Amino acid sequence: MRALSASHSKPSWPGVWQAVVRRQEFGIAVILLALTIILSLQTSTFLTGTNLFNVMRASSWIAIAAFGEAIVIIAGGIDLSVGSVMALAGLVSALTLLAGWGAPLAICAGLATGVAVGFINGVFVSRGKLPSFIVTLGTLSAARGLAFGLTGGAPVRNLPDNFVHLGQSNLPLGNWEVPLPAIAMLAFAGLTALLLSRTVLGGHIYALGSDETAVWLAGINVERLKITVYTLSGVLAAAGGVLMTARLGVAAPTAAVGYELDIIAAAMVGGVSWLGGKGTVWGALLGAMTMQVLRNGLVLSGFPTYWQATAIGVIIIAAIALDRWRAGHS
Amino acid sequence: MSGLALRAVDLSKRFGNLSALEGITFTLAPGEVIGLVGRRGSGKSTLLHLLSGIHASSTGKIYVDNQRVNFTGPYQAQRLSIHLVHQEPRLVKRLDVIHNIFLGQEIGWPFGGGLPDWNRMTRRAATVLEEFDLPVGLLWEKAENLPDEQRQIVAIARVLCQPARLLLLDDPLAALSFERQRRLLDRIRGLAGQGAGVIVTGDNLKHLFAITDRILVLYEGRLVADRRTADSTPREIVEMIVGAASQEQVTPIIWALESYHAAQQQAEELRHTQATLRESLEAQDSLNRQLVERLRDQVEALDQLNVALQAAHRRLLTEREQERKHLARELHDQVIQDLLSFNYQLEEAENAEPTTERQKELAAIRSGIRQVVSELRQLCGDLRPPTIDSHGLEAAIRSHAQEWADRNGIALTLEIDPHLGRLPEAIELSVFRIVQEGLNNVRKHAAAKQVHLCVRRTPTASLLVQLTDDGKGLTQPLDLVALSARKHFGLLSISERVALLGGAMQIGSAPGGGVVLQVDIPSPSPSV
């Protein structure tokens, strides 16, 4: 008990430093910083404001989807359907825009698509007691098929300007021209982080990933909780998809193919434990940015294009191994 | 919050082919405390699981306040303020105690606790922990670090921090210490007084009889009795628990149960006394250690003093020997030479003297002088055996012994180790003095005719001196202190010398009736 009261005394600076080092995000933050330094030494173009904002813009939709993925993984599941949801939501937004809906309504339609797919995932996982891997693998395929079916396989172009601006404009902040997607990414990160760390729902999500039986016995409606978790993931993936469509100016049914793996990797590189119960949104954000910096840096430094995917894979494994090693030593 | 009226009608539960409960029907009024008893596997826990929504019943109905309920999960029961404390509480290990206590029932705002109010929750949980004598700091301890008893208390605190209308307690007392059992029993009665219904299971009938209004007995999944506690006896209940009607079977069980609970209580008290005993033992131990420490210091100081004393004694002895040597040399070189020269002068005077009368007189004086010289020589020899410096211990002892035997007319046989060799001066002198004193003693007290002196090396390289006589022997045991009081210092000085050399002295009776003096002196330089 004495040790306990001591741990609640005033934080000393070494104590604060230790707490920072022990945080899961610390490792990935160090890697991101190291990569940034190496790349800015190797290339003259890397450490310019424009390029950094480009990195943020390019990683924004992956990052936003990764926030939802982080929630699902923390709750002890996995969501493979995020890439398809991104494509489908962007497509629904584009189609409703061309049908003459205003941009806000069209965006809502896109988000509603994500809610729908996420809700279906949640119902099958909780009520149907099916493994999340199987359920979301099914919706991955189903949502992609729907996207092809809605368009007949052709991309949707000629989107209205006010919608496209959302993805392509910058907001002047002082000396900087900050891209809107970057702002959106930070806003979503803040909201999701508040949800996870400051609300009862967030606490239940962490508890669910730690011990589902105990949470059920504690009188929490686990079915409703799971449906909420997958719906959140769906809506965040949809938000990423809409943003991606606005940025690219075109909604293709083939968009975001294979993104689910990038998104899961971003979350896990950011320290979200695949066993559930551990991880933060900020970790996922750092993970997504690290992956983008890596891609960007490999291109800028003239690394052979065909080998880039391999290099990224190696670094993902290294980051996760480092996280494991740290967990074993704390 | 008022309690609820519970009615169970014909409840059954089957797990596959196994029937766990069959046809359970009973009611519970608000504020009533029911004890649920039965053997292990009689269906107590299963019944509580049905009432708390963990299992759905296979058949039968549950009514709460006359409304049919059909629970599909614990959250539905808890919505009606029906709370269960499990026999083995399941906590989320990775969360701390405060999160576990309020998991699923957080206090906050605006709707149903969207944003938690941890200050309020902490205050409420702290009062419950204090009630059970646990520190408030425990609230921030991870659940996985808790011992069994504290886990049980956390599970109980989960229920006590909520307004409850029906409490289901599955053997909550088993893991608790005696004192905390009593607190919980009081608390159960208190809750019932406020209108909450309670169903509690347990093995300790004494506890159940103390707090329950009614007792339900389960036997192999069936409800075999529903008695008012006031109208029944523990014996009766035990009979129904074991399902035996015959006295012979029940009596030992009652006896065993009673002694089991008595033993439990005693064990708890013993643990208490043991703890206090250990504390006082530790205090005593440290006191003892201090005393031993001080004693050791004093013994050490004493040892040092002793060593200093011995050193002083040794120095004294050495100085005395030096003094004697000096005195002997003075006598020999000065007095004897002077006397001899007077003798020569007298001889010349004698030759020059014509009268034989005078010559005779002078001759007599000269023989007197020669006598004095010879006695002085003897004295010198005693003071400082001249042979010991030049010829060593053996020669000195031989010449002294020869001279002693001649002077006293006592037969002396000598047995001296031919390999005695030379020893350090202090030892040689001491040994010589010991021999001298020993022979002196024999001359003064023994009235012996035959003496045997033996000086030799032993196999352990020490020096052995053995003096045997055939005299009167010892009439009474030797007492050195008494001897020294009567100013007989001979044996005392021998024993002192022996002690200074680190040796040992023994005095015993010889086979022939005399005395044997044996001295053993360790040699500082072993013979090569």
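Two strands pair if DSSP finds at least two bridges between them. Helices (H or I, at least four residues) and strands (E, at least two) are DSSP runs, numbered from the N terminus. This is a predicted model, in which local features need pLDDT of at least 70, side-chain atom pairs count only at pLDDT 80 or more, and totals for chains, interfaces and linings use all residues. Residues are numbered from 1 along each chain as written, chains are lettered from A and ligands numbered from 1 in written order, and side-chain values use heavy atoms, without hydrogens and water.

In strand 10 of chain B, B:Ile199 is the residue opposite B:Ile34. Strand 3 (residues 33–38) and strand 10 (residues 197–201) of chain B run parallel, joined by four bridges. Both belong to an open six-stranded sheet of chain B with mixed pairing and the order 6-9-10-3-11-12. Strand 6 (82–85) and strand 12 (222–228) of chain B each have a single partner strand, so one side of each lacks a neighbour in the sheet.

| Helix (chain B) | Angle and strand (chain B) |
|---|---|
| Helix 1 (residues 44–51) | about 140° with strand 3 |
| Helix 8 (residues 234–242) | about 25° to strand 11 |

Notes:
Contact means heavy atoms within 4.5 Å. Axes are lines fitted to C-alpha atoms, for helices over the stretch in contact, and angles run from 0 to 180 degrees between N-to-C directions.
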